[in-house]
Amino acid sequence: MRQTFENTKAQEQKGQAPVNTPEDIINLFELEQAARTKMGNQTAWDYYASGAMDEITLRENRQSYERIFLRPRMLVDVSQRDLSTKVLGQKVDMPILIAPTAFQKLAHADGELGTIKAANRCGTIMCLSTLATSSIEEVGAQADNNLWFQLYVYKDREITKDLVARAKAAGAKALVVTVDSPLLGRRERDIRNRFTLPKGLTVANLSKAGLENLPDDGSGNMPGNTKESGLAAYIASLYDESLTWKDLNWIAQLSDLPLLVKGILRADDAKRAIKCGAEGIIVSNHGGRQLDTAIPTISALAMIKDAVPKDFELFVDGGIRRGSDILKALALGARAVLIGRPVLWGLAVAGSEGVDLALNLLRKELDLSMALSGVSSLKEIKRDLLVDRKDLI
């Protein structure tokens, strides 16, 4: 199997010893290593870990942060530090939100219910995927007014309307429309594994429409003569490939929920999204899982920030593995970041408490990075903290 940046070998090269219990884990790289061991199921692991095609964007999402250096200020009073901020007017305890990731029960039986409980404890927001293995009603019942709902648009627009109405009724505070997935990216590991959901797991939010099952042979396996991913087949048959900006206008009018657009990588598209009623943009390349060689998200963030109104709320995901990465994203204009795979790793290792571990590792590292950079609050984080490696002598 092709090696990627995020694998056990990479961690061995960092000189990190194997870890056996959550108490041993001191960073997200070790959490990833422990999750891979804990899950055991190679097909499920590949679904979480893989990117599209040659996985170039997957690697670049991470490595782009490593090419940005910090220029810390000295002799600044950092004895009192504040990591809190507001997103869409709602206070969160840290600028670290939980990204929408599908099929969380592949990692642990706690699944999405475990994740929302961790979000409650950590004082942050969870964005629930349309392709969740727990329904919006189940997750909403456990939320502390800290739930967003991520929407895929189906060809049957009545399904879309129903999902939006259910999200509103379940207490979601924002609607996140993903726009980078008219078709599924070519994820070769999933094709090789003929990925589908194991028996007993479904797309819970689509059971009302009778669309809760990915293709399988009735026992949780892909039919023997099928050489493709079950998820790719599902998306190709149901998602609306004709989605355009006029449809985004239509979605914005379905409810009074704030609308965020996820999957924007261009400044001109960011401007179009704002004209269509977006109150926030999540700069995202789907974790490197859609178009391979798409621009890394931290690079796109800098371009988009310069093109939108000063106080417009931008968010970014992809490749964030250290608190210093978050500091860099904030310096380039993000209001907050969203974390995907590390949440799944936490679930795999220790269920809901493992998600706490993932979030708190990042929180502590961000707090330390701020102190060592000479900033005591998020509003003090400016672009002049950063320098690109290419600009160094």
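These legends describe close-up views of a predicted model.

**View 1**
Helix α2 covers residues 28–39. At 1.5 Å a residue, its twelve residues should span 16 Å, and the end C-alpha atoms are 16 Å apart, so the two values agree. The helix is mostly covered, with nine of its twelve residues buried. The buried residues are L28, F29, E30, L31, E32, Q33, A34, A35 and M39. N27 caps the N-terminal end of α2. There, a side-chain oxygen of N27 sits 3.0 Å from the backbone nitrogen of F29. After α2 comes G40, with a positive phi near 75°.

E23 belongs to the loop between α1 (8–13) and α2. Its relative accessible area is 67%; the cut-off for exposed is over 50%, so E23 counts as exposed. E23 and R59 are 36 residues apart along the chain. Their C-alpha atoms are separated by 28 Å.

Helix α5 runs over residues 111–122. Its twelve residues, at 1.5 Å each, should span 16 Å; the end C-alpha atoms are 17 Å apart, which agrees. Buried in α5 are G111, E112, G114, T115, I116, A118, A119 and C122. Which elements do the buried residues of α5 pack against? Three are strands: β4 (96–98), β5 (126–128) and β6 (147–151). Two are helices: α6 (136–142) and α14 (341–373). G123 follows α5, and its phi is positive, near 70°.

**View 1. I125, between α5 and β5.**
I125 is found in the loop that links α5 and β5. Is I125 buried or exposed? Its relative accessible area is 0%; buried means under 20%, so I125 is buried. I125 touches V87, Q90, V92, L97, I98, N146 and W148, leaving out residues up to four places away in sequence. Y65 is 60 residues from I125 along the chain, and the two C-alpha atoms are separated by 24 Å.

**View 2. N145, in the loop between α6 and β6.**
N145 lies in the loop between α6 and β6. Most residues other than glycine have a negative phi. Phi of N145 is positive, near 55°, and the residue is not a glycine. With a relative accessible area of 52%, N145 is exposed.

**View 3. T178 and its surroundings.**
T178 is placed in strand β7 (residues 174–178). T178 has a relative accessible area of 5%, so the residue is buried. Its side chain makes a polar contact with the side chain of Q150, at 3.0 Å. Leaving aside neighbours within four places in sequence, T178 is in contact with Q150, L151, Y152, K262 and H286.

**View 4. H286, a contact of T178.**
H286 is among the residues in contact with T178. H286 sits in the loop between β9 (280–283) and α12. Its phi is near 65°, a positive value in a residue other than glycine. H286 counts as buried because its relative accessibility is 13%.

**View 5. S299, in helix α12.**
S299 belongs to helix α12 (residues 297–305). What is the relative accessible area of S299? The value is 29%, so S299 is partly exposed. S299 and R71 are 228 residues apart in sequence. In space they are 18 Å apart, C-alpha to C-alpha.

**View 6. The crossing of α13 and α14.**
Helix α13 covers residues 323–331. The axes of α13 and α14 come within 7 Å. They cross at roughly 65°, and the crossing is right-handed. Which residues meet at the contact? From α13 come G323, S324, I326 and L327. From α14 come L362, E365, L366, S369, M370 and S373. The residues of this contact divide into five nonpolar, four polar and one charged.

Conventions
Residues numbered from 1 in each chain as written. Predicted model: local features only at pLDDT ≥ 70, side-chain atom pairs only at ≥ 80, totals over all residues. Heavy atoms only, no water. Helix = DSSP H or I, 4+ residues; strand = E, 2+ residues; numbered from the N terminus. Expected span 1.5 Å × (residues − 1). Buried < 20%, exposed > 50% of the residue type's maximum accessible area, 1.4 Å probe, protein only. Contact = heavy atoms within 4.5 Å. Axes fitted to C-alpha atoms, helices over the stretch in contact; angles between N-to-C directions. Left-handed = near helix turned anticlockwise from the far one by under 90°. Nonpolar A, V, L, I, M, F, W, Y, C, P; charged D, E, K, R; others polar. Polar contact = N/O pair within 3.5 Å; in protein donor to acceptor, adjacent residues only side chain to side chain.
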